[in-house]
Amino acid sequence: MLKEMGTNNHNFILHLLRLTAAVLSLSTTAFAIGVNYGTLGNNLPPPATVANFLKTQTIIDSVKLFDANPDVLRAFAGSGLSVTVTIPNGLIPSLADVGAARGWINDNIAPFHPQTKINRVLVGNEIMATLDDNLISNLVPAMKAVHQALVQAGINDVQVTTAHSMGILKASDPPSAGQFWPGHDVTVYAPMLEFLRQTKAPFTVNPYSYFGYSPQMANYALFRPNPGVHDPVTGITYTNMFDATLDATYTAMRKLGFPDVGLLVGETGWPTLCLPGQLECTVENAAWYNSELVRRSVDGVGTPLVPNKRIGIFLFALFNENEKPGPITEQNWGLFRPDMTPVYHCGVLRSEQPLAPIGRQGGRKTHKGSAGGATPAMPVPAAGGGKKWCVAKAGAAAPTLQANIDYACGNGADCKPIQPGGPCFEPNNVVAHATFAMNSYYRAKGSLDSTCYFSNTGVVTAVDPSNANCKFP
């Protein structure tokens, strides 16, 4: 894939150029882009800070919560951002009773709406994947009861739906073969789709191209140029997995007689860090994938089977969450770090502008050091006016600093001064050498703050690290 990076960089810039043009017309856009706001971290900013950041610094206009956290709901009051809340899976059997549903609405929706612009309630998350007969049999009754409870409470502008994993499809390749699993198609999906049709709510799915990734299908999964996959029934050649998955869902819905029910993408995204050996998790891949989703959402391009029909998309996720259970991948889906600096750029910040490719014309390389981090794919200009330097953070691990040296010296930094006999060879230790190499790389890339990230082991300072014998550029 390294050989493809020059072309990929060029196409990525074109993505952001198109995106910038689309963002200029946001005032007339019904849906820009949504994001899943998870809170499983011990270092996350307060909800009020998050709400203000999203409102003032991003084009994100919708957030989806995995609960109905009252602190978060209060924080988004008056923000103008639409909020989707989620009912925990375990409550579904009890909420099939309208009285119980009314109590839940009175406790979790009525106190905050309409000051907080709650526009949707998800009744559970990926219930069909649980294989729990009690949850599955009560899912549609609970959706109906929650809707009825909202109406009884005088709340008529909140949709009710539920989110599905793509395991709901027995077949999806080619998209014209899209089909729900027999049995549940009649007992669950048909009555659910009828309810959604009546209430004008969307059928919500969580399509993750990441989980369909293979080295052979990398470009197809990532929206990069590829020959495509031809559907012989419709005659459509699909150039990406995302469109193919949604059209397979549309086909399954049509086969049950519901071509008029819309789709909502409740979750999709790409992680930036995986277990060792999983090379698909890079900031470049995440930036590429999500920048295309932002463009699609803003432009309202639809899919090949249903063109020019806007599909709401919630990116996963807002933050890297350090307390999420599971492998390290689960903690590294965020667009932003807890300090609200971008992990990478994909077009959601209002200040973002298309930038030239980093480094030489051959393209951008991604840094994967010993700590698994990477340099951001699209840097942003540093704030402030005086000269700055990039230095190693105090306490950074020596193996990671050595990886920083290796990366910087191989990607544009002038490391001759730290070679034996060079003016900056002394002191001969990894911290001093890493600081010089990191700063040289930082300078070579235009002194952009984000090129000093280095797996969170670099920091920008206004204090010149030079000494009598070693002058830092």
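**Close-up 1. Arg-296 and Asp-243, a buried pair.** In this predicted model, Arg-296 is buried, and Asp-243 is buried too. The two form a salt bridge, with 2.8 Å between the closest N and O atoms. It's a link between distant parts of the chain: Arg-296 sits in helix α10 (residues 283-299) and Asp-243 in helix α9 (residues 241-255), 53 residues apart.

**Close-up 2. Arg-296 again, this time with Glu-292.** Arg-296 also forms a salt bridge with Glu-292, and here the closest N and O atoms are 3.0 Å apart. Both partners belong to helix α10, four residues apart, or about one turn of the helix. Glu-292 is buried, as is Arg-296. In total, the structure holds ten salt bridges.

**Close-up 3. Glu-330 meets Lys-324.** This is another salt bridge, with the closest N and O atoms of Glu-330 and Lys-324 3.4 Å apart. Glu-330 counts as partly exposed because its relative accessibility is 26%. Lys-324 has a relative accessible area of 12%, so it is buried. As a reminder, side chains of opposite charge can pair when their charged atoms come close.

Close-up 4. Asp-173 and Pro-174 are joined by a cis peptide bond, with omega at about 0°. Pro-174 is in the loop between β6 (169-171) and β7 (179-180). The bond from Glu-426 to Pro-427 is cis as well, its omega near 0°. For Pro-427, the setting is the loop between α11 (398-410) and α12 (430-444).

**Close-up 5. Asn-308, a positive phi in a loop.** Most residues other than glycine have a negative phi. Asn-308 isn't a glycine, yet its phi is positive, about 60°. You'll find Asn-308 in the loop between α10 and β12 (312-315). With 68% relative accessibility, Asn-308 counts as exposed.

**Close-up 6. Met-340, a positive phi in a buried residue.** Met-340 isn't a glycine either, and its phi is positive at about 70°. Look for Met-340 in the loop between β12 and β13 (389-392). Its relative accessible area is 18%, and the cut-off for buried is under 20%, so Met-340 counts as buried.

Key. Residues numbered from 1 in each chain as written. Predicted model: local features only at pLDDT ≥ 70, side-chain atom pairs only at ≥ 80, totals over all residues. Heavy atoms only, no water. Salt bridge = Lys/Arg side-chain N within 4 Å of Asp/Glu carboxyl O. Helix = DSSP H or I, 4+ residues; strand = E, 2+ residues; numbered from the N terminus. Buried < 20%, exposed > 50% of the residue type's maximum accessible area, 1.4 Å probe, protein only.
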